[in-house]
Amino acid sequence: MYDTLGLWYNGAGLKLAPLLSNTIECRNDYNSFVLGKLGNLKVTLTEQGIKIQGSLSKWYLKNNIQTFTRIDVKNAIEALSDTLKIPLEKARITRMDIGHNFIMKYSPSAYFYYLGPSSRYRRSLTSSSLYYSNSLRTKLFYDKIAECKKSRSIVPNMLKNKNLLRFELRFMDKINKAFNSRELLVQILYDKLFFVNIVDKYVSEYISINKLERIAFNKNVKLEPKDILNHLILQGISSLGGQNEVFELIEEARKKNQFKRAEYASRTKRMLTELYNNGILIEPNELIKELNDKVIALQSNYDLE
């Protein structure tokens, strides 16, 4: 689950420079510092302490396709501490990415369209990735095999012909507030209760994404006139490019102050989301059901051993 980490350790600092490769000595208006690498990890040494950032999974396992377990993290931190000769379990966590790879029936990009808006996140789609971003966190879906080929990373033979969809949740800033803690130290990463909390947050952030199902009447429900009108609204939205496109139009109108009241933009989005969650008007989507089942299944095995 764990992948990229950002760490800050008070002390040690510049004396560790001989342990790094590709070092560059720098200076700004305030102090001197050294930039360097430790494998794939980016390291900054200052007189005050050490900043480390990068995929701990890639550093320890040489890849981030293989699941990086709670015990793997403990072993990796111990190995990194031995390499740097400092007790990194006391370092402060400044960034944390958690992710998992899912073997899917179809190409990863086939699922992107059906992953709709997520409250308080901005949705953006590229040819190979789907992002949800705000100032504190990022949610990201992408084709892991394509990413490995692009970065020339090794893909295990058993996965080379698989559709591998990766979903990452990245805590980019104020991570302590996300976990209601004054400070998060590295040693908490391999705490069992904290790991359960991590998995639950990961699944919860996925569930909070509005899923786009197929617009069709539920055959087991008797219809009312309002159901027909709502069905026509959804069909109209579909003709404009779908819910994601219409939400972009609403957001554009909000930025131009075209709503009579500022709160009408969010109210309109909420009304449309309720329509898409209407069991009378929407049929389950095969691709979304597959992805839902795989993500939620993580909570049935927290991998605590």
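Colleague: With which residue does Asp97 form a salt bridge, and how far apart are the closest N and O atoms?

Modeller: A salt bridge is a side-chain nitrogen of Lys or Arg within 4 Å of a carboxyl oxygen of Asp or Glu. Here Asp97 pairs with Arg95, and the closest N and O atoms are 2.7 Å apart. This is a predicted model, in which local features need pLDDT of at least 70 and side-chain atom pairs count only at pLDDT 80 or more, while totals for chains, interfaces and linings use all residues. Residues are numbered from 1 along each chain as its sequence is written, and side-chain values use heavy atoms, with hydrogens and water left out.

Colleague: Are Asp97 and Arg95 buried or exposed?

Modeller: Buried means under 20% relative accessible area, exposed means over 50%, and partly exposed lies in between (1.4 Å probe, protein chains only). By that scale, both Asp97 and Arg95 are buried.

Colleague: How many salt bridges does a search of the whole structure find, and which parts of the chain does the pair Glu205 and Lys139 link?

Modeller: The search finds 14 salt bridges. Glu205 and Lys139 form one with an N to O distance of 3.1 Å. Helices (H or I, at least four residues) and strands (E, at least two) are DSSP runs numbered from the N terminus. Glu205 belongs to helix H6 (residues 192–207) and Lys139 to strand S10 (residues 137–143), so the pair, 66 residues apart, links distant parts of the chain. Both Glu205 and Lys139 are buried.

Colleague: Where do Arg254 and Glu251 lie?

Modeller: Both are in helix H8, 3 residues apart, which is about one turn of the helix. Arg254 is partly exposed, with a relative accessible area of 37%, whereas Glu251 is buried at 17%. Elsewhere, salt bridges with shared partners join Asp3, Arg95, Asp97, Arg166, Glu168 and Arg170 into one network.

Colleague: How many disulfides does the structure hold?

Modeller: A disulfide is a pair of cysteine sulfur atoms within 2.5 Å. The structure holds 0 disulfides. As for accessibility, Cys26 is partly exposed at 22%, and Cys148 is buried at 2%.

Colleague: Which residues line the largest cavity?

Modeller: On a 1 Å grid over the protein atoms alone, a cavity is a set of points where a 1.4 Å probe fits but cannot get out, and lining residues have an atom within 4 Å of a point. Grid points are joined across faces, edges and corners, and a volume is the space filled by probe spheres set on the points. The count is 1 cavity of 30 Å³ or more, and the largest cavity holds about 50 Å³ of space. Its lining consists of Leu5, Leu7, Leu41, Ile52, Gly54, Leu56, Ile77 and Leu80. Strand S1 (2–10), strand S5 (49–55) and helix H2 (70–84) each supply at least two lining residues.

Colleague: How many residues of that lining are nonpolar, polar and charged?

Modeller: Ala, Val, Leu, Ile, Met, Phe, Trp, Tyr, Cys and Pro count as nonpolar, Asp, Glu, Lys and Arg as charged, and the others, Gly among them, as polar. The lining has 7 nonpolar residues, 1 polar and no charged.

Notes: 1 Å grid on protein atoms, 1.4 Å probe; cavity = no way out; pocket = protein on both sides within 12 Å on 5 of 7 lines; lining within 4 Å.
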